[in-house]
Amino acid sequence: HGQLTLADGAGEGLDGIGAGSSPFWLDNERYGFVMDAGEGRRSVILSGKIGQTGLQTLLTTADLAPDGDDDRLRWFDFVAAHPAQPNRLILVTLDAENSETTIDWFRGAQPEATLFVYDLEAGEVVLSYQFAEDISSSRSYRFSPNGRFLLLGEGAEYRQTVVHVVDTQT
């Protein structure tokens, strides 16, 4: 989380694009990232195009709530274009029913995690998967080479790592 800057191959800054996290490519010219709205709020995904100024809202956490029913605090933890289906985003959200801000989570609350596959063309969720357990604050995400499976590795107590494998096509 911090200031994001587009840079050339030599590391020279081209454009400051904003504060955020989880930068990703939509295609060869368009990029996206999760905007940092302060106090740990990361509920908006913005997109831009190289060589153009201005950013557009691509998706918000409210877009993921069925029928607009979202009384839980939800924020984006991971975003990437699906490796095999670039018109789809793979999103992992964290949400906590009893937290007023994401800062509460960093103080010990364990959020629930949900994986979404979001179709950009249709503007709808095509798959959602609720992880069976709350997840820890130490985690990483990796795709299989064909993009079908997502690994969520999370650090746990006692130097143990828990690995969740999620099929993004079922």
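**Close-up views of the predicted model**

Figure 1. The model shown here and in every other view is predicted. The side chain of D167 meets that of R148 in a salt bridge, with an N to O distance of 2.7 Å. The two residues come from distant parts of the chain, 19 residues apart: D167 belongs to strand β12, while R148 sits in the loop between β10 (139-143) and β11. R148 is partly exposed, at a relative accessible area of 29%.

**Figure 2. Overview of the fold.** The protein has 170 residues, and 41% of them count as buried. One helix and 12 strands are present. Along the sequence they follow the pattern β-β-β-β-β-β-β-α-β-β-β-β-β. Among contacts between residues at least 6 apart in sequence, 34% join residues at least 24 apart. The accessible surface comes to about 9,600 Å², and carbon and sulfur atoms account for 45% of this area.

**Figure 3. The D119–R88 salt bridge.** The whole structure contains four salt bridges. In one of them the side chains of D119 and R88 meet, at 3.5 Å from N to O. This pair links distant parts of the chain, since D119 is in strand β8 and R88 is in strand β7, 31 residues apart. D119 is buried, with a relative accessible area of 8%. R88 is partly exposed, with a relative accessible area of 22%.

**Figure 4. The K49–E29 salt bridge.** The side chains of K49 and E29 form a salt bridge, 3.4 Å from N to O. K49 is in strand β4 and E29 is in the loop between β2 and β3, so the pair ties together parts of the chain that are 20 residues apart in sequence. K49, at 30% relative accessible area, is partly exposed. E29 also falls in the partly exposed class, with a relative accessibility of 43%.

**Figure 5. Strand β4 and its two pairing partners.** Strand β4 covers residues 44-49, and five of its six residues are buried, so the strand is largely enclosed by the rest of the structure. Strand β3 (residues 30-35) pairs with β4 in the antiparallel sense over six bridges. Within this pairing, S47 of β4 stands opposite G32. The pairing of β4 with strand β5 (residues 56-60) is also antiparallel and runs over four bridges. Here I45 has L59 of β5 as its bridge partner. β4 and β5 make up a hairpin, with six residues between them. The turn includes G51, which has a positive phi of about 85 degrees.

**Figure 6. The largest nonpolar core.** The largest nonpolar core has 15 residues, and F78, I90, V92, L115, F131, Y141 and L150 touch the most other members. Four strands each supply at least two residues of this core: β6 (73-81), β7 (88-96), β8 (112-119) and β11. Apart from this core lies another, of 13 residues, which includes F24, L26, L59 and V79.

**Figure 7. Surroundings of F131.** F131 is one of the residues that touch the most other members of the largest nonpolar core. With neighbours within four places in sequence left aside, F131 is in contact with A113, T114, L115, L152, H164 and V166.

Figure 8. F149, L151, V163 and V165 make up a nonpolar surface patch of about 340 Å². Strands β11 (149-155) and β12 (161-167) each contribute at least two residues to the patch. L151 is part of strand β11. The relative accessibility of L151 is 37%, so this residue counts as partly exposed.

**Figure 9. Backbone of S22.** Most residues other than glycine have a negative phi. S22 is not a glycine, yet its phi is positive, at about 50 degrees. This residue lies in strand β2, which covers residues 13-25. With a relative accessible area of 19%, S22 is buried, because the class takes in values under 20%.

Key:
Residues numbered from 1 in each chain as written. Predicted model: local features only at pLDDT ≥ 70, side-chain atom pairs only at ≥ 80, totals over all residues. Heavy atoms only, no water. Patch = residues over 30% accessible without salt bridge, like charges linked within 9 Å, V, L, I, M, F, W, Y side chains within 5 Å. Areas by Shrake-Rupley, 256 points an atom, 1.4 Å probe, with all protein chains shown as cover. Buried < 20%, exposed > 50% of the residue type's maximum accessible area, 1.4 Å probe, protein only. Contact = heavy atoms within 4.5 Å. Core = buried A, V, L, I, M, F, W, Y, C linked by side-chain atoms within 4.5 Å. Pairing = 2+ DSSP bridges.
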